[in-house]
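Thanks, everyone. Let me put the structure up, and then I'll walk you through it piece by piece.

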Amino acid sequence: MEHLPYIDFEEKVAAWPAPIELTHLEGDVFVTIKSHQTYIEAKWSGHITSCDIITASRVYLSLMQTHDCPDKLLNDKTDVTGDWSDANDWMEFEWLPQAVFAGLRFMAHVYSSNMFSRLSARDLYLRVTPRLQMQNFNNREEGLHWLLTCLPSEQEEEVR
């Protein structure tokens, strides 16, 4: 599986919290990563592939490892199409342990109406829970509400 090297985005990561737009070679933006006070938002658009998922996940991980970031991610795929399930092995075994170690605790995933994208998201959910508190939602408002009400467990607080 070929993907864009996230090293190309080091300048964007260094400029954080400025929004980061990742684009396909044709120039179409496939995800915009924005900083909010208590969470980070990844807003996806267009047709996405497993390569896009891996590229954006590496950039997000670089943000978490480089900057003091919130432990919450709003992953909004409302406006996407595409089957990206081929990325889920990598997400589960490579990305997830590093993201949790870097501080990610909660992820609200907003479904696309596209069946293939929904199936990919459902597969990811089954792979990452319970190591990551993740919920899938049909709309952004419900996902954001859940995310903003998530509190670290007492056990996690003792570790910090």
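Start with Ser 62, which sits in helix H2. Helices here are DSSP runs of H or I, at least four residues, strands are runs of E, at least two, and both are numbered from the N terminus. Is Ser 62 buried or exposed? Ser 62 is buried, at a relative accessible area of 15%. Buried means under 20% relative accessible area, exposed means over 50%, and partly exposed is in between, with a 1.4 Å probe and protein chains only. Ser 62 and Gln 98 are 36 residues apart in sequence, and their C-alpha atoms are 10.0 Å apart in space.

A word on the model. It is predicted, so local features need pLDDT of at least 70 and side-chain atom pairs count only at pLDDT 80 or more, while totals for chains, interfaces and linings use all residues. Residues are numbered from 1 along each chain as its sequence is written, and side-chain values use heavy atoms, with hydrogens and water left out.

Now the overall layout. The protein chain has 6 helices and 6 strands. From the N terminus, the order is α-β-β-β-α-β-α-β-α-β-α-α. Of the 160 residues, 47% are buried.

Back to H2, and its partner H3. Their axes come within 9 Å and cross at roughly 20°. That makes H2 roughly parallel to H3, a label for angles under 35 degrees. Axes are lines fitted to C-alpha atoms, for helices over the stretch in contact, and angles run from 0 to 180 degrees between N-to-C directions. Which residues of H2 meet H3? Among them are Ile 53, Ser 57, Tyr 60, Leu 61 and Met 64. On the H3 side, the residues include Trp 90, Trp 95, Gln 98 and Ala 99.

Next, the core. A nonpolar core is a set of buried Ala, Val, Leu, Ile, Met, Phe, Trp, Tyr and Cys residues joined through side-chain atoms within 4.5 Å. The largest one has 39 residues, and Ile 20, Leu 22, Val 31, Ile 33, Trp 44, Trp 95 and Leu 104 touch the most other members. Strands E1, E2, E3 and E4 and helices H2, H3 and H4 each supply at least two residues. H2 gives the largest share, 8 residues. In soluble globular proteins, nonpolar side chains tend to be buried together.

Take Leu 104. Leaving out residues up to four places away in sequence, Leu 104 touches Tyr 60, Met 64, Asp 71, Lys 72, Leu 73, Trp 95, Ala 99 and Leu 132; contact means heavy atoms within 4.5 Å. There is also a second, separate core of 10 residues, including Tyr 39, Leu 74, Val 110 and Leu 147.

Val 80 is in strand E4, and Val 80 is buried, at 3% relative accessible area. Beyond its neighbours within four places in sequence, Val 80 contacts Trp 44, Ser 45, Gly 46, Ile 48, Ser 112, Asn 114 and Ser 117. Glu 21, in strand E1, is partly exposed at 41% relative accessibility. What does Glu 21 contact, leaving aside neighbours within four places in sequence? The answer is Lys 12, Val 29, Val 31 and Thr 32. Glu 21 and Thr 32 are 11 residues apart in sequence but 4.5 Å apart in space, C-alpha to C-alpha.

Last stop: a cis peptide bond joins Trp 16 and Pro 17, with omega about 25°. Pro 17 is in the loop between helix H1 and E1.

How values were computed
Angles under 35 degrees count as roughly parallel, over 145 as roughly antiparallel, 65 to 115 as roughly perpendicular and the rest as oblique.
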